[in-house]
Amino acid sequence: MKVVVAGGGLVGLALTRLLALRGVDAVAIERMEPGAYVRRGFMLGHHGFGALDELGLMEGLRARGRAIGLQPDGREAAIAVEVGGLLGDLAEGAQVRYRTSVTDLLRHGDRVTGVRVQGPDGEEDLAADLVVACDGFHSGVRAMAGITAHMAPMAEGKVEWMSPVPCPESFAMAYLSNGAHIGMLSWPEGSFGWRTLDRSGRDAVLAPGIEAFVDQWCRLLPESAPGVRALQSADELLYTEPVLLSCPSWWVPGVVVVGDAAHFFGPETGASAGVGLADALALAEAIRACPDDPDAACATYEQWRGPAIRPVEAADPGRRRLEGMPIGDPAPGERWPPGH
Ligand SMILES: Cc1cc2nc3c(=O)[nH]c(=O)nc-3n(C[C@H](O)[C@H](O)[C@H](O)COP(=O)(O)OP(=O)(O)OC[C@H]3O[C@@H](n4cnc5c(N)ncnc54)[C@H](O)[C@@H]3O)c2cc1C
């Protein structure tokens with residue numbers, strides 16, 4: 001089976017290598033330069049360890065990162081790490097065409113039979129028995145294939161920061177009196193904090209200034225004080241209004257969606273990347289089991305992943321708040337912006 005993987009992020013890189021290990025002809029198409037990535041605070045949940053074990057990358061991940069919690073078997077529940085290092089490890093040896101974008105899908109009747117790409121050498125058509133959309137939350141391939149995606153805006157906004165100063169603990173999280181949450185994770189080179197709050201817009205969230213922000217943050221989550229105290233300006237705060245994503249079905253003939261293109265969970269789960277890596281491993285196995293039949297491979301994949309992913313989607317705290325758990329007013333000392 002010839003496979004084109006649209007997107008060379010965490011999931012696309014892992015899938016391309018896992019397919020190569022199974023003797024499958026697979027290439028990833030990535031629009032960015034080699035080594036380019038979006039910096040972010042990052043922890044990899046245990047769901048992704050199986051894929052990394054098979055690729056021989058777990059020891060490197062442990063060496064680069066810091067353990068968070070424990071599973072019953074004694075392994076870490078998650079590992080906080082600088083995400084660029086993990087991406088670099090995954091990219092090593094992966095077959096990837098960089099600086100190249102997937103711009104269209106090729107079709108024969110109802111079946112997708114490949115992709116049109118635009119790269120440094122111009123436009124080209126690549127035939128494929130299966131196109132795997134690993135192109136992230138805003139997946140263009142998912143849209144072009146007509147795969148339905150349900151977008152659910154969370155009721156809350158989110159503010160986050162990144163700091164070059166690590167904290168003593170690798171992870172801390174607390175719930176506020178109205179059920180909102182505040183958290184921090186820290187890897188050897190830095191730390192990252194996030195909290196949910198009323199959707200009051202970027203200008204209102206930044207207006208009180210960095211000193212007031214840091215003061216309140218340190219009171220609400222003292223474990224994160226060294227990291228948040230290193231912030232210099234309110235411009236270092238990022239305000240967003242998160243949207244959750246789920247797809248009722250993950251494939252149509254010739255195209256399957258995995259990773260962030262298929263599901264995006266709320267910030268309390270910390271599970272998106274790990275579940276995406278587990279998707280990659282399951283799809284590689286499904287293709288190995290059905291080497292001559294992409295539709296059978298996709299149906300097998302969907303059968304395997306449904307019981308793993310649907311409960312995470314259903315139990316996602318971000319989603320449950322949408323479904324009838326009203327968010328009350330925060331206590332005065334927890335309110336941000338303070339006069340809001
Ligand atoms: C601020 C932030 C913090 C996060 N923290 C965590 C965390 O702590 N734990 C966790 O598990 N997850 C976290 N996530 C989510 C996590 O980063 C993703 O789940 C993970 O990166 C999934 O990767 P992916 O490969 O599915 O998608 P992406 O990482 O989005 O990769 C998609 C790739 O496709 C490429 N692409 C897109 N369109 C095209 C095209 N048309 N042609 C070619 N290439 C294309 C993009 O350039 C990109 O490289 C966080 C995300 C953000 C934004």
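**Entry 1: a hairpin**

I started with E4 and E5, which form a hairpin with five residues between them. I looked into the turn and found glycine 74 there, with a positive phi of about 90°. A reminder to myself: this is a predicted model.

How many bridges join E4 to E5? I found four, and the two strands run antiparallel. One pair I traced on screen is alanine 67 with its bridge partner in E5, isoleucine 79.

**Entry 2: the sheet around that hairpin**

Three strands form an open sheet in the order E3-E5-E4, with antiparallel pairing. The edge strands are E3 (43-45) and E4 (66-70), and each of them pairs on one side only. From one strand to the next, the twist averages 25°.

Leucine 44 has isoleucine 79 of E5 as its bridge partner, and glycine 45 has alanine 78 of E5. Isoleucine 79 turns up again here: I had already noted it as the partner of alanine 67.

Is E5 enclosed or open to the outside? Four of its five residues are buried, so E5 is largely enclosed by the rest of the structure. I also wrote down a rule for reading such strands: in a regular strand, side chains alternate between the two faces of the sheet.

**Entry 3: a sheet of six strands**

I moved on to another open sheet, whose six strands come in the order E6-E2-E1-E10-E19-E18. The pairing in this one is mixed. Which strands stand at the edges? They are E6 (96-97) and E18 (251-252); each has a single partner strand, so one side of each is left without a neighbour in the sheet.

I zoomed in on the E18 end. Two bridges join E18 to E19 (residues 255-257), and these strands run antiparallel. Here tryptophan 251 has valine 256 of E19 as its bridge partner.

**Entry 4: two helices crossing**

Two packed helices are described by the angle between their axes and the distance between the axes. So I looked up both for a pair of helices. The axes of H9 (residues 272-289) and H10 (residues 294-315) come within 9 Å and cross at roughly 145°. H9 passes H10 in a right-handed crossing.

Which residues make the contact? On the H9 side I listed several, including Val275, Ala278, Asp279 and Ala282. On the H10 side, Tyr301, Trp304 and Arg305 are among them. The residues of this contact divide into ten nonpolar, one polar and three charged.

Aspartate 279 sits in helix H9. Is it buried or exposed? Its relative accessibility is 0%, so aspartate 279 counts as buried. Leaving aside neighbours within four places in sequence, aspartate 279 is in contact with Val258, Gly259, His263, Tyr301, Arg305 and Ile309.

In H7 (residues 210-220) I looked for buried residues and found Ile210, Phe213, Val214, Gln216, Trp217, Cys218 and Leu220. What do they pack against? I noted strands E12 (157-163), E13 (171-175), E14 (181-187) and E15 (190-197), together with helix H8 (225-229).

Past H8 I stopped at alanine 230, in the loop between H8 and strand E16 (238-240). Alanine 230 is partly exposed, with a relative accessible area of 22%. Not counting residues up to four places away in sequence, alanine 230 touches Ser163 and Val165. The C-alpha atoms of alanine 230 and tryptophan 161 are separated by 10 Å, although they are 69 residues apart along the chain.

**Entry 5: cysteines**

How many disulfides are there? The count comes to zero. Cysteine 134 is in no disulfide, and the nearest cysteine sulfur, that of cysteine 298, is 12 Å away. Then I checked cysteine 298: its closest cysteine sulfur is in cysteine 290, at 9.2 Å, which is too far for a bond, because the cut-off for a disulfide is within 2.5 Å.

Cysteine 134 counts as buried at 9% relative accessibility, and cysteine 298 counts as buried at 0%.

Conventions. Residues are numbered from 1 along each chain as its sequence is written. This is a predicted model: local features need pLDDT of at least 70, side-chain atom pairs count only at pLDDT 80 or more; totals for chains, interfaces and linings use all residues. Side-chain values use heavy atoms; hydrogens and water are left out. Buried means under 20% relative accessible area, exposed over 50%, partly exposed in between (1.4 Å probe, protein chains only). Axes are lines fitted to C-alpha atoms, for helices over the stretch in contact, and angles run from 0 to 180 degrees between N-to-C directions. A crossing is left-handed if the near helix is turned anticlockwise from the far one by less than a right angle, and right-handed if clockwise. Contact means heavy atoms within 4.5 Å. Ala, Val, Leu, Ile, Met, Phe, Trp, Tyr, Cys and Pro count as nonpolar, Asp, Glu, Lys and Arg as charged, and the others, Gly among them, as polar. Two strands pair if DSSP finds at least two bridges between them.
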